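Trainee: Could we go through this model together? I would like to start with the charged pairs and then move on to a helix.

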Amino acid sequence: MPEGLEAEIWCRAAQPLTGRTIESLVADERVAPVGLAGALVGATVTGVRRRGKVLLFELGEPGSAHPSADRSERVLGRHFGMSGRLVVDGRAPIEQLSYASGQDRPEWDRLQIWTGSGTTPALRFNDPRRLGRVTLDPDLTALGPDMFDVSLSELGEKLARRTAAIKTVLLDQHVIAGLGNLCTDEVLWWSGVDPHRSAASLVPTEVSAVLDAIQEVLPVMLEAGGSTRGTLTPEVRAACPPCERDGTPLRRDTIGGRTTVWCPHHQR
């Protein structure tokens, strides 16, 4: 937590910043580049987008509503880590992350951006654990296709090359960008695939089922509020009750160092 779904929620919430000019900025240089204010003050936000779990702010010349070329002059990246969250114009689109403290202390602000003369920052990145980071012109070339953009042929080709557990492979951001632990368990539950299986062992119909779950189930979770809004909620993950689909008690294992909740009956 947070995963690509949370990053998408924050991306949508940050769209009103488009067209505004950065008037001042305060950054925690333990998680942000030194001299960030000098590089960005005076720039205009020309767009906000997401790639995987990374939120990207496109920045152009002062007063520009749109980038003048194929890309903005600079890109500010926000990688949320395990506990980071976003506050836009004093409003948090996600009030509290699951498995987080729920507190919002000023000393946890890692980046504050003002776009006007008011005292409230237009944008705050709050992270108690300092696991997230702020980057300038991040290199995202190593990331795989975004979870909502990956094609069946791309997914099949990437899985066929990997002998590790499918759970581990789907969590690899080089394979698909955006899937985290909760969403991966949800995708495998819906597609009926055992998370322990080698990725290369999936037959075409199973690869298609995985992609269908990504394309059909995750958008529903997104609109419901994020990665904790699926079938395998935090409460279900803690209790491992009978599976909603077949009544078999869910199991909780560790795969690749990550807690994995799954059904040993219908996931094969």
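Trainee: Is Lys 167 buried or exposed?

Mentor: Lys 167 is buried, at 0% relative accessibility, where buried means under 20% relative accessible area, exposed means over 50%, and partly exposed lies in between (1.4 Å probe, protein chains only). Keep in mind that this is a predicted model, in which local features need pLDDT of at least 70 and side-chain atom pairs count only at pLDDT 80 or more, while totals for chains, interfaces and linings use all residues. Residues are numbered from 1 along each chain as its sequence is written, and side-chain values use heavy atoms, with hydrogens and water left out.

Trainee: Which side chain does Lys 167 meet in a salt bridge?

Mentor: Lys 167 meets Asp 185, at 2.8 Å from N to O; a salt bridge here is a side-chain nitrogen of Lys or Arg within 4 Å of a carboxyl oxygen of Asp or Glu. Lys 167 lies in helix α4 and Asp 185 in helix α5, so the pair ties together parts that are 18 residues apart in sequence. Helices (H or I, at least four residues) and strands (E, at least two) are DSSP runs, numbered from the N terminus. Asp 185 is buried as well, with a relative accessible area of 1%.

Trainee: How many salt bridges are there in the whole structure?

Mentor: A search of the whole structure finds 18. One of them joins the side chains of Glu 223 and Arg 12, at 3.0 Å from N to O, and that pair links distant parts of the chain, with Glu 223 in helix α6 and Arg 12 in helix α1, 211 residues apart. Glu 223 is exposed, at 58% relative accessible area, whereas Arg 12 is partly exposed at 42%. Both belong to a network of salt bridges that links Glu 8, Arg 12, Arg 50, Asp 146 and Glu 223.

Trainee: Switching to α6, where does it bend?

Mentor: Helix α6 bends by about 25° at Val 217, and Pro 219 follows within four residues; the bend is the angle between axes fitted to the seven residues ending there and the seven starting there. Val 217 is also among the buried residues of α6, which include Val 210, Ile 214 and Leu 218.

Trainee: And what covers the buried residues of α6?

Mentor: The cover includes α1 (4-13), α3 (152-160), α4 (166-171) and α5 (181-191), with contact taken as heavy atoms within 4.5 Å. Just after α6, Gly 225 takes a positive phi of about 135°.
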